[in-house]
Amino acid sequence: MNIEKVIDWFKAAKPNPNSKDVLVQFGCHFEEIKEMCNAMNLYCDDVALQELRFKSACAPYLKSVESMDEKQAVEILDSLCDQIITAIGVGYMMGFDMVGALDEINKSNWSKFENGKPVFDENGKIKKGAEYFKPKLSKFTK
């Protein structure tokens, strides 16, 4: 599994992302962080996360994305790369097969498409299509 396959999925889903799409993806990212916290029995206040995701058309958030300067963009890029590295590190330390699991997740993501096209919910998030299958990840843990 390589990162290009994940990017290909996003390109197929959103070939020309706009500022609202950026906010929806931030919301999805934060939702995954909340799921990890819940799995670890950690408290995770999701009020702001849900507001960002489900009210992604809110002017303050859109303005923040649209008026971002190069310094902010570099800081976000650095943070995202560090999150990828540290996430892989956590998986490695826990004995997970990260390559196999990412491949399984990518296949599952493609199964959300219907007739090769993404279907979106009212918030702009890709929803599960008729062919969707939940990834089988237990074989990638210790």
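**Entry 1: the fold**

I started by counting elements and found six helices and zero strands in the chain. I'm keeping in mind that this is a predicted model. Reading along the sequence, I get the pattern α-α-α-α-α-α.

Next I looked up burial. Of the 142 residues in the chain, 23% are buried. I also noted the accessible surface, which comes to about 10,100 Å². Carbon and sulfur atoms account for 60% of that surface.

I took contacts between residues at least 6 apart, and 68% of them join residues at least 24 apart.

**Entry 2: aromatic rings**

How many aromatic pairs are there in the count? I got four. I looked up one of them, Trp110 with Phe113, and their ring centres are 5.1 Å apart. The planes make an angle of 55°, and the pair goes down as tilted.

Are the two partners buried or exposed? Phe113 has a relative accessible area of 5%, so I put it down as buried. Trp110 is at 34%, so it counts as partly exposed.

**Entry 3: lysines over rings**

I went looking for charges over ring faces and wrote down two. Lys14 lies over the face of Phe120, 4.4 Å from the ring centre. Lys128 has its charged end over the ring of Tyr132, at 5.3 Å from the centre.

Which residues make the nonpolar surface patch of about 560 Å²? My list reads Val90, Tyr92, Met93, Met94 and Phe96.

Phe96 sits in the loop between α5 (70–93) and α6 (98–110). Its relative accessibility is 32%, so Phe96 counts as partly exposed. Patch residues need over 30%, and Phe96 passes that cut-off because it stands at 32%.

**Entry 4: Ser108**

Last stop was Ser108, which lies in helix α6. Is Ser108 buried or exposed? Its relative accessible area is 2%, so I marked it as buried.

What does Ser108 touch, leaving aside neighbours within four places in sequence? I found Tyr132, Phe133, Lys134 and Pro135. Tyr132 is also the residue whose ring has Lys128 over it.

Ser108 and Pro135 are 27 residues apart in sequence, yet their C-alpha atoms are 5.5 Å apart in space.

How values were computed: Residues are numbered from 1 along each chain as its sequence is written. This is a predicted model: local features need pLDDT of at least 70, side-chain atom pairs count only at pLDDT 80 or more; totals for chains, interfaces and linings use all residues. Side-chain values use heavy atoms; hydrogens and water are left out. Helices (H or I, at least four residues) and strands (E, at least two) are DSSP runs, numbered from the N terminus. Buried means under 20% relative accessible area, exposed over 50%, partly exposed in between (1.4 Å probe, protein chains only). Contact means heavy atoms within 4.5 Å. Accessible areas come from the Shrake-Rupley method with a 1.4 Å probe; for residues, only the protein chains shown count as cover. Rings of Phe, Tyr and Trp (its six-membered ring) pair if their centres lie within 6.5 Å; planes under 30 degrees apart count as stacked, over 60 as edge-to-face and the rest as tilted. A charge sits over a ring if NZ of Lys or CZ of Arg is within 6 Å of the ring centre and within 35 degrees of the ring normal. Patches are made of residues with over 30% relative accessible area and no salt bridge: like charges are joined within 9 Å, nonpolar side chains (Val, Leu, Ile, Met, Phe, Trp, Tyr) within 5 Å. A salt bridge is a side-chain nitrogen of Lys or Arg within 4 Å of a carboxyl oxygen of Asp or Glu.
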